[in-house]
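Hi,

Here is the structure I promised to send over.

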Amino acid sequence: MEKLNELKQRLATISDLTAASSVLIWDQSTYMPLGGAAARGRQLSTLARLAHEHATDPALGRLLDDLQSYAESLPYDDDDASLLRIARREFERATRVPAGLVAAFSEHSARSYSAWTIARPANDFAAVRPHLEQTLELSRQLADCFPGYDHIADPLIDLNDYGMRAASVRALFAELRQELVPLVRAITAQPSADDSCLLQHYPAPAQIAFAEQVIRDYGYDFERGRQDIAPHPFMIRFALDDIRITTRVKVDDLSEALFSTLHESGHAMYEQGIAATHEATPLASGTSAGVHESQSRLWENQIGRSQVFWQHYYPQLQEVFPQQLGAVSLESFYRAVNKVQPSLIRTDADEVTYNLHVMIRFDLELALLEGTLAVADLPEAWRARYTSDLGVTPPDDRDGVLQDVHWFSGMIGGVFQGYTIGNLLSAQFFAAAQQALPQIGVEIASGRFATLRGWLREHIYCHGSKYTAAELITRATGGPLTIAPYMAYLREKYGKLYAL
Ligand code: ZN
């Protein structure tokens with residue numbers, strides 16, 4: 001027990017250093033004056049170095065070794081056994097990556113991100129090209145810290161979606177593409193939905209107040225979190241009792257703040273729902289990028305873009321914005337928030353075409369990592385894929401290859417697959433919850449979410465990282481990740497909307 005306590009203290013120190021970084025990152029993204037940037041970069045890199053030192057301390061490895069027989073004496077899903085299992089996985093990962101590479105990556109990412117914030121508005125791919133070449137080189141070096149892979153992207157995918165591989169994601173995406181492409185064709189052959197009711201003037205404070213009322217009803221706990229404004233919406237954890245979110249507002253587009261708030265609240269409720277006993281341990285976070293995204297997509301789309309949801313909330317929204325929406329019917333509004341249209345920007349994409357955006361990025365980053373595509377040829381490859389896959393051609397790189405922050409602030413590879421896995425899982429989890437508790441639909445129609453939230457807390461939230469994504473999905477839904485519930489959801493919903 002003494003050794004277990006010492007281990008927990010060491011893990012808490014790592015968790016505290018990471019949380020301190022998170023506070024600095026949150027501040028950097030919300031209130032920090034521009035002048036603070038250089039010092040903030042240095043402070044974050046100091047904290048990252050300290051956290052890495054603690055995470056790779058040989059004394060931590062010895063404690064894990066000493067506790068191995070204790071771990072083996074316990075049932076697999078015992079909290080201590082799970083803690084020891086996940087702590088060992090993280091220790092082995094951390095010790096494989098040299099401190100020099102961690103520092104080089106973090107310093108390079110800061111420079112690359114700064115260059116991107118200038119290059120994107122200037123439509124200047126040439127300015128970020130050398131940065132991106134360096135990112136690719138560092139991403140390969142990171143992958144090579146984990147030898148024995150089949151595909152060089154495997155270790156990078158594994159860091160975010162443990163257990164997935166390039167080959168398994170490729171197979172999943174191929175299956176999904178085969179079903180999605182004909183559905184997109186059938187929808188776009190129909191008359192387009194009219195979303196002009198969303199594109200009127202909506203004062204920002206009223207938008208935020210409405211969205212915050214909805215997430216309060218959802219169950220996001222403002223006593224253990226808060227929402228602020230930032231250029232890019234995100235969720236961030238300081239502690240299980242302090243899980244924050246941000247949003248952004250467009251005064252001429254009602255959907256921006258509303259759906260980003262619903263989205264981030266889903267990420268946040270996942271973390272607010274983790275069992276308090278996991279606090280300050282490696283179990284105190286969502287289990288994978290895909291499962292995390294499934295929780296944001298569930299509350300944003302499965303609930304927030306559903307007909308039953310708007311039956312309840314639309315009259316309230318009309319009361320807030322009588323001039324803009326007083327004469328717009330519920331049916332017209334519901335069609336507007338579910339408009340399907342192939343477009344250039346992933347983050348603005350509808351539910352049906354969204355995954356095609358993800359597949360383009362996934363394929364391109366595999367080609368970059370394999371060395372079959374050069375960074376210099378990336379903008380043209382991007383244009384070619386948008387033209388062939390979505391039927392739209394970016395007029396410039398700003399709305400093409402420069403649009404996403406990911407490749408300019410982190411690694412190339414291992415991130416984008418999580419978005420589509422999340423979409424698929426949002427439908428799979430929601431279908432399982434509804435099957436177990438059929439009253440959920442009726443409750444949503446009256447703005448009540450406690451039954452659904454209770455199911456999610458019991459089957460997903462409370463476990464944190466205790467189970468892998470694959471284990472969690474099977475335990476919660478009775479089977480492995482599959483595209484079937486997602487495709488059934490899209491066919492049912494959009495079949496009605498577009499009279500297919
Ligand atoms: Zn998300």
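By class, 10 nonpolar, six polar and five charged residues make up the lining of the second largest pocket. For the classes, Ala, Val, Leu, Ile, Met, Phe, Trp, Tyr, Cys and Pro are nonpolar, Asp, Glu, Lys and Arg are charged, and the others, Gly among them, are polar. The volume of this second largest pocket is about 440 Å³. Out of its 21 lining residues, Ser306, Gln307, Tyr489, Glu492 and Lys493 are the closest to the centre. Helix α23 gives the most to that lining, with six residues, and α12, α13 (307-320), α15 (330-336), α19, α20 (440-444) and α23 each supply at least two.

Before you go further: this is a predicted model, where local features need pLDDT of at least 70 and side-chain atom pairs pLDDT 80 or more, while totals for chains, interfaces and linings use all residues. Residues are numbered from 1 along each chain as its sequence is written, and side-chain values use heavy atoms, with hydrogens and water left out.

(On a 1 Å grid over the protein atoms alone, a cavity is a set of points where a 1.4 Å probe fits but cannot get out; a pocket is an open set with protein on both sides within 12 Å along at least five of seven lines; lining residues have an atom within 4 Å of a point. Points are joined across faces, edges and corners, and a volume is the space filled by probe spheres set on them.)

Now the metal. The zinc ion is coordinated by NE2 of His263, NE2 of His267 and OE of Glu293, at 2.1 to 2.2 Å, with the donor residues spaced H-x3-H-x25-E in sequence. Donors are N, O and S atoms within 2.8 Å of the metal (3.2 Å for Na, K and Ca), and water is not among the atoms, so the site may look incomplete. His263 and His267 are about one helical turn apart because they sit four residues from each other in helix α11 (residues 254-272); helices are DSSP runs of H or I of at least four residues, strands runs of E of at least two, numbered from the N terminus.

Next, the rings. I count 23 aromatic pairs. One of them, Trp382 with Tyr386, is stacked, at 5.4 Å centre to centre and 15 degrees between the planes. Rings of Phe, Tyr and Trp (its six-membered ring) pair if their centres lie within 6.5 Å; planes under 30 degrees apart are stacked, over 60 edge-to-face and the rest tilted. Trp382 is buried at 1% relative accessible area, and Tyr386 is buried at 0%. Ring pairs also link Phe210, Tyr218, Trp299, Phe309, Trp310, Tyr313, Tyr314, Phe333 and Phe449 into a cluster.

Cheers

Definitions and conventions. Buried means under 20% relative accessible area, exposed over 50%, partly exposed in between (1.4 Å probe, protein chains only).
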